Amino acid sequence: MQMSENWFVDAPWAQLLCSTKIPADTLQRFITMSDEVLDVADGLGNTSVIPSSWEISPEKFQEHDVLSYTMEMVSKYMNTMLSNGNVKQNMDNVISDGPHTQWNSRIITAWIVSQKEDDYLPVHAHNQVTADHQFAKISGVMYLKLPKQMERKLDETSLKTGKDGQIAFTGMGDADPLQTTSLYNIQPEIGWFYIFPSTLNHQVYPFKGEGERRGISFNVDFMSKEQLEKLQKLQG
Amino acid sequence: MKMGENWHVNAPWAQLVCSTQIPEDKVVKFYAISNEVLDEAEATDDPYGNGVIPLPWVIPYDKFGKYGVTEYIMEMIQHYLDTILSNGNIHSHLNTIIPGGPHTQWHSRIVAAWVVSQKENDYIPVHTHHLNGAHEESCKISGILYLKVPEQMKVDNVDNNDIAIRGGRDGQILFTGMGGVDPFSTTMQYNIQPEVGWLYLFPSSLNHQVYPFKGEGERRGISFNIDVISQEQLDIMILQNEEEQNADE
C-alpha cells in the first residue's frame, strides 16, 4: 500500500480497517433513510439488552440516492486491500477462475442499530453465509446519531482500555509486544464510516443516560468478472 | 494511518513491513561498506561454520558514520516509527505499556549490523531478531537492504507470474506474519523478490527467511537491528543512576 512518495506499508496478514468521513449532504440522506425505516418498523424494538436490528432493503439505498456513494467506498476498500502486499495474488490463488481482473460488489444485508441506555452488542463477526448462499466478505458501519454525553473529547488511555459506547475491534495477530495490539477501541463520531473484512470481530459497549446511538451496518459480497462469466456459462 | 485525502487505513494488530527505494548515491556508499567489511573479514572468518547457512559479517559501528549513511538510516527509522505510531491506537498502547509515559519523543540507535553474502544453495532459516542471546543487545526494529542480486534473480529476468509471489521462489525473502484470519483479504506468507537498492523495515519480532538459489552470482544485503527508547524512559534512567550514586556516597 503506497502511503506517500517512496514509502510503502504492507501487512498482508492483517485485517484492514478503513475509515472515511461522509460528505454532509450524503450523511443527511443516510439519516433520512434511517428515520424512514425506523418509522415504518415502529414497535419491533428491544426484547433484551441487545437491541434488535431494523432491516434496510437494498432498494432503500437506491431510493435515497446513497447507493453509488456506498459502493464507491466499498470499491476503494477493495483497491486498498488488493494493494496490501500479495493479497491480490492470494485472491487469484484461493478463488477459482483467476487471475481476476475486475470485482463486482453488492449489498446483501443492511440494518439500523439504534441503541439506548444500557444496550450493548456482544462480540460478533459478519462472515456468515446467508440462506440463499450469499457470502458476506466486507462489512461496514457508519454513525448517524450519538448521545450528547458521548460527544466528548477522548483521553488517550481510553483508546486502549475501552469506554462507554465505543466500538471495539479485536484483530488477529498482535505478535509484537510494542508495535501491535489486538484491541482497538473507537469513539464513534457522527458522519464517520468504517469498512472492514466481515471476519473482523467487534462489539459495542453500553452507555448511560439519555439519547440514541444510531448507526447503519451492512454486509457486502463480491464476485469477480471471471466468476460471474463462469456462473453464467453454467446456467446456460 | 492516512493513505490519501479522507481515507485512513488501520490495523494495530499487524506487524507492518515498510519499504522504500534508497537514493542511488546512498546505495553506492552501502555497497562500499559491504566491500570493505568482506575484504577485512576474508582472511579470518569461516563463511559457513560447517553448514549451508552463510555466517553474517559484522559491520563495526563506526562504518556507517565513516561512509556518511547513519543519518539516512535514522531518517528512515524515524519514518517507520511515525508510521507505526499512526497505526490505530499504537501510540496510546505504547504510552500504557511502557513506564514513564506519555512518551513524547523517541530515540533510536543501531545495536547490530551485518553483511549477508549468499552464494548458490545458501539459505537462511526462519528466524526473528528480537530474541537475542544474553550477550546481545535487545532490539525492536530491524531492517534489510539489498546491494547485489544474481542475474537470474533480477526482477526483469524472472517469470513474475502471480502465483510465484504467493508460492515462493529461489532467493526470495519470505515474511510470515501473525494473523491471516480472513480467507480472502489476508495471507500469512509474503514473498518478496529482492531488488538492488530497496530497504525494508519491520518489527524485530516478524518471522522471516531466505530461500536458496541456483547458479552463479551473489545475493548480498545489509541487515541491522535498532533499539528504541523514549525521552521519558531516558529521564527515568538518569534519575535512577543519580539516586544510586547518591546512595553509594
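A residue counts as buried when its relative accessible area is under 20%. This criterion is applied below to a predicted model.

View 1. Cys18(B) takes part in no disulfide, and its nearest cysteine sulfur, which belongs to Cys18(A), is 16 Å away.

View 2. The structure contains 0 disulfides over all chains. Cys18(A) counts as buried because its relative accessibility is 1%.

**View 3. An open sheet of 8 strands with antiparallel pairing.** The strand order is E4(A)-E5(A)-E12(A)-E7(A)-E10(A)-E3(A)-E2(B)-E1(B). At the edges stand strand E4 (53-55) of chain A and strand E1 (2-4) of chain B; each has a single partner strand, so one side of each lacks a neighbour in the sheet. From one strand to the next, the twist averages 25°.

**View 4. The pairing of strands E7 and E12 of chain A.** Strand E7 (residues 138-145) and strand E12 (residues 213-224) run antiparallel and are joined by 7 bridges. Met142(A) has Ile216(A), in E12(A), as its bridge partner.

**View 5. Helix H1 of chain A packed on the sheet.** Helix H1 comprises residues 24-40 and touches E4, strand E5 (103-115), E7 and E12 of chain A. The direction of helix H1 makes about 105° with that of E12(A).

Methods:
Residues are numbered from 1 along each chain as its sequence is written. Chains are lettered from A and ligands numbered from 1 in the order in which they are written. This is a predicted model: local features need pLDDT of at least 70, side-chain atom pairs count only at pLDDT 80 or more; totals for chains, interfaces and linings use all residues. Side-chain values use heavy atoms; hydrogens and water are left out. A disulfide is a pair of cysteine sulfur atoms within 2.5 Å. Buried means under 20% relative accessible area, exposed over 50%, partly exposed in between (1.4 Å probe, protein chains only). Two strands pair if DSSP finds at least two bridges between them. Helices (H or I, at least four residues) and strands (E, at least two) are DSSP runs, numbered from the N terminus. Axes are lines fitted to C-alpha atoms, for helices over the stretch in contact, and angles run from 0 to 180 degrees between N-to-C directions. Contact means heavy atoms within 4.5 Å.
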